Amino acid sequence: MEETLKIIVLVKHVPDAQFDRHLNGEGHTTDRDESILSELDEYALEAALQLAEARGGSKAGNQVIALSMGPAGAVNAVKKSLQMGATEGFHLTDDALAGSDAAATSLALAAAIRHIGTGAPVDLVLTGMASTDGETSLVPAQLAERLGLPQVTFASSLEVDGERLTARRDADTYSETVEASLPAVVSVTDQINEPRYPNFKGIIAAKRKSITTLSLADIGVDRSQVGRAGSWTTVTSAEERPPRTAGTIITDEGDAGIKLVDFLAAQKLL
Amino acid sequence: MAKVLVFIDNPGDALKKSSLELLTLGRSLGETAVVLNGDLRTDVSDAFAEYGVSAVYQPSAQDLDGYLVAPKAAYLAAAVEAAGAGTVLLDNSPEGKEIAARLGIRLSAGVITDVVAVDADGTAHKSVLAGSYTTAAKVTTPVAVLTVKANNVTPEPAASPSAPEAATVEVPAGSTAAAARITDRQQKTASGRPDLTDARIVVAGGRGLDGDFGPVEQLADALGAAVGASRAATDAGWISHDAQVGQTGKTVSPQLYISAGISGAIQQKAGMQTAKVIVAVNKDAESPVFEIADFGIIGDLFDVLPQATEEIKKRKG
C-alpha cells in the first residue's frame, strides 16, 4: 500500500454563469446571490478523490479536505464537495475578507492551509484551472509563492509516486511533462477527468461529515491584511457593457453564402 | 521619469507583435527597459533600439527554461529591484500571468491581468465577467504589475532610436529549489493558421458540423483566419481542445467571428461576445446566437460555408 495523502482542495462558490452576473456596491464586487460550486473546481475534487481512492480511501487514512473562503453561502460549495466524497470541510469566513483581491485572497488561504496542516502537514493543494467569475487565474501561483511550494498549473494528468508528482501540461504549441516534489500546489484542467455526481449514499454520508468554520483570528490573520484594506489593487469604476443586439437575419434561399461575402465586403472585412 | 520594465521571454529570431505592443505601451508610461530571458539575437537587439529601449537585462543563469515560472519570477523580481522600476509589463499568456502572480507576492506589488489600456496615471482598463462589464482598476502599491492583452496597442517605433545598455541580473540562489522541473517537451505540429487568441478573424464550428470540420477550415483558410470550436465539438473529439472558445476555453475578441453550427449558449457566448462583428450560420432559427449576431443566416452550413468560401476565392482572385 502506498503512503496516505492529505489533500486540500480549494473550492469556490461563484455566481452561476448560466444567468446574468452583476457587479455591485462601492467595491464593484460580484453579486453572489445565485451561487454554485465553481464547475472547474469539481475537476480538482475528482482528481483528489481518485488519488485518495487509489491508496485505500478514507478507511486507509487518506484525507480529502474541501476548503472554501467566502461569505455564508460559500459553505454550499463545501457541502457539495462532501457529497461528492471529500472527507471533511473547512469554511473560512469573516466580514473583513469581503473585496479581497488575489493577493489578499492568497494570503488568507495560505494561512488557512498552514492552520489545517498543523500537526499533520498537507501533501497537496489542488485547485481548478480558474474561477469562473474572477478569471484572473492568479491565486494558485500566488499561493505557491506564499507557501514556498512548487506550482504545477493546468495539469491534464496527475500522478503521485511517493514524494514526487508527475503531471502533463498541454499548451497550444507543445505538450510537456513536469515533475515536482511534494508538497505542491497543482491546478487541473477540465480535461483531467470526468467529475462524479453525488449519489444518494454520498448525500446521506455528507450530513455526518464535519465542516469547521474558521475566522481570521483562528488562522492568525489581522483584518487589515485582507479585504479591500489589505488588497494591492482597487477597482475604481465598473460599467455594464450595453448588450449586443441582433442585426440582420436572413433565411438561405440558395445564395446566402454570397450574401455573407457581400456583408463582409461592406464591413471591409475581406 | 518613471521606470518601466517589459519582460520578454525567449523572443527567438524576431520580436512578436505583442512584444512590440508592450514596448510601445511602456514608452507611453516612462523610460522603458527590457528584462530578457533567452538569447539576444541581432534582429531583436535592433528592434529594442528602434523602440527606444534604455537597457536590456539578461539573467546570470541559463537554465530558467528547464522549470515552470518560479525562477523566472525570481529573476524578474531581482531585475525590478536593480532597475528601481515602478511598472512591470508582461504578456497576458497563462505563463505571463503566473510570472506576474509570483512577482506580485515577491515585491508586495498589486497585479492586474487582462489589461487592454493604461492611462498616464496608471489606471488600467479591462473587461470582466466574460465581457459583460468594463472596469478601471489601479494598483495601490509602489510597484504595479500589469499583464496586457494582445492587439490593443498599435506598435510604433520611438521618434529617435536608442542605444540600449546591457546589464546582467543575478538570479537569486535557490530559485529553482521549489520549482517544478520540465522533464520532457514535445512540439505540436504547427497548423500554419494564426494563433486563435490573437487572430483578427476566427471561424468557429460546433455541434452542427457533425464531426466534419472541413467547411470551417476551408472558410478559415480563405479568410486567413484561425479555427475555433464550441465545447460540444471539442468534447466530441472532432478537434483539439486548444481550439475551444468559451468559458472553459479561450476568450477571443477578433474583428470578425463567424459561428457555424453553434447554438451560442452562455458558455460559448462568454468566450466571443466582445468580437467586433459576429456572423452566425445555423439551421435552427431559435438558436441564441442569433440574438447577438450582426449578420445571421438560417440555413445549412454545409451549403452556406462552401459557397462563401468559393465566392471569397473568386473575389480575391
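Two residues are taken to be in contact if their C-beta atoms, placed from the backbone, lie within 7 Å. The structure is a predicted model, in which local features need pLDDT of at least 70 and side-chain atom pairs count only at pLDDT 80 or more, while totals for chains, interfaces and linings use all residues. Residues are numbered from 1 along each chain as its sequence is written, and chains are lettered from A and ligands numbered from 1 in the order in which they are written.

Asn193(A) lies in the loop between β12 (184-188) and α5 (200-206) of chain A. Helices (H or I, at least four residues) and strands (E, at least two) are DSSP runs, numbered from the N terminus. Leaving aside residues up to four places away in sequence, Asn193(A) touches Tyr43(A), Glu46(A), Ala47(A) and Gln50(A). A residue is called buried if 20 or more other C-beta atoms lie within 10 Å of its own, exposed if 12 or fewer, and partly exposed in between, with C-beta atoms placed from the backbone. Asn193(A) is partly exposed because 19 other C-beta atoms are within 10 Å. From Asn193(A) to Arg164(A) the separation is 29 residues in sequence and 21 Å in space, C-alpha to C-alpha.

Helix α2 (residues 75-84) of chain A is mostly covered, with eight of its ten residues buried. Among these buried residues are Ala77(A), Lys79(A), Lys80(A) and Met84(A). Just after α2(A), Gly85(A) has a positive phi of about 135 degrees.

Between the two chains, 63 residues of chain A are in contact with 72 residues of chain B. Elements of chain A that give two or more residues to the side touching chain B include α3 (102-116), β9 (151-161), β14 (233-240), β15 (248-251) and α7. The most comes from β14(A), with eight residues. By class, this side of chain A has 27 nonpolar, 22 polar and 14 charged residues. Ala, Val, Leu, Ile, Met, Phe, Trp, Tyr, Cys and Pro count as nonpolar, Asp, Glu, Lys and Arg as charged, and the others, Gly among them, as polar.

Strands pair if DSSP finds at least two bridges between them. β15(A) pairs with strand β16 (residues 295-298) of chain B in the parallel sense, over four bridges. Within β16(B), Gly296(B) is the bridge partner of Ile249(A). Ala256(A) is in helix α7 (residues 256-266) of chain A. Ala256(A) counts as buried because it has 23 C-beta neighbours inside 10 Å. Apart from residues up to four places away in sequence, Ala256(A) touches Ile250(A), Ile297(B), Gly299(B) and Val304(B).
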